[in-house]
Amino acid sequence: MLLRRLEYLVALARERHFARAAAACYVSQPTLSAAIRRLEHELDVPIVRRGRRYEGLTPEGEVVLAWAHRILAERDALQQELSALRDGLAGTLRLGVVPTALPAASLLTTPFCDRHPRARVALESLSSVDITHGLTEFELDAAMTYLDDDTLRHVRRFPLYEERYVLLTPVGGALAGVAKARWSQAAQLPLCLLNPRMRNRRIMDECFAAEGVTVTPAIESDSVAGLYAHLTGGRWSSVISHAWLYMFGVPDGMRVIPLEGPAHGPRVGLVVARSEPQSVLAEALLKVAREAGVRDALDELLHTYLGSADR
């Protein structure tokens, strides 16, 4: 019963609303409210600040919430380890991925599922801020994100690949026949790029600024798919990470041109919380990552698209 009450508390802190938390836990609101009150009675501390509506947790409640995340994570780890001993690895791997790494995620998730057919993957596209929160609060088992993120603490890092930036532009466009392009040349094209809230776009802005230009794209999107939706018809160009080619390829009528500048961009990798006991599912994914050869697979794909221009 204590574990169930801790689950209710975690849901309430996440939803910040009694009715939504109850719905998420598949119980009635009175049941959830009564369970929280019993938890307060058992621990002899006020946990929830109550008014006409949910107003947050007390300082004591924040401490209880942190322990609740930890206790529930250890319960899950115990269940995973026992299941692995009995019938092979099972359960759900909760994997957060920054949107710009999503196209490459299947290079890990597919071999993971092949190796562990009784396990499932819950894949969620998240910002780097949400990934940090999810790992800290034990809401994620692992994440694919930028490894130089200063907000990531108490995690184990495994590099997967370095982003390489290339220009996607119409075959008959302003740079037709050009073997390599400068960032300043790309800035003069009709561009569609990710919006500035995305880490990938901010990195690209730094590359443009290094050549003394500021880019003003006509179209901005918060998703890679949104960009690719515009790259047909021979009008728009875009600067992309080479990992996107794995999922989206090169649209008809477009070509890939390498951009002069740093050979490699920031590192993207797999991170898991540095906690005890370790998630059996996260450890299994790390093992897959060590054998998957993600960097080589993406670089080989890029060389295929670039052809002689990359040699």
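**Close-up views of a predicted chain**

The chain carries 12 helices and 12 strands, where helices (H or I, at least four residues) and strands (E, at least two) are DSSP runs numbered from the N terminus. This is a predicted model, in which local features need pLDDT of at least 70, side-chain atom pairs count only at pLDDT 80 or more, and totals for chains, interfaces and linings use all residues. Residues are numbered from 1 along each chain as its sequence is written, and side-chain values use heavy atoms, with hydrogens and water left out.

**View 1. The whole chain, to get our bearings.** Along the principal axes, the C-alpha atoms fill a box of roughly 75 × 50 × 30 Å. Of the 311 residues, 48% count as buried, that is, under 20% relative accessible area with a 1.4 Å probe, counting protein chains only. Among contacts (heavy atoms within 4.5 Å) between residues at least 6 apart in sequence, 74% join residues at least 24 apart.

**View 2. Strand 3 and its parallel partners.** Strand 3 (residues 91-97) runs parallel to strand 4 (residues 119-125), joined to it by seven bridges; two strands pair if DSSP finds at least two bridges between them. Look for Val-97, which stands opposite Ser-125 in strand 4. From strand 3 the chain passes through helix 5 (residues 106-115) to strand 4 in a right-handed β-α-β crossover, meaning that the path over the helix runs clockwise from the first strand to the second when the strands point away from the viewer. Strand 5 (residues 142-146) is also parallel to strand 3, with three bridges between them. Here Leu-95 has Ala-142 of strand 5 as its bridge partner.

**View 3. Two loop residues with positive phi.** Most residues other than glycine have a negative phi. Arg-16, in the loop between helix 1 (2-15) and helix 2 (18-24), has a positive phi near 55°. Asp-44 sits in the loop between helix 3 (29-43) and strand 1 (48-50), and its phi is positive too, at about 60°. Asp-44 counts as exposed because its relative accessibility is 66%, with exposed meaning over 50%.
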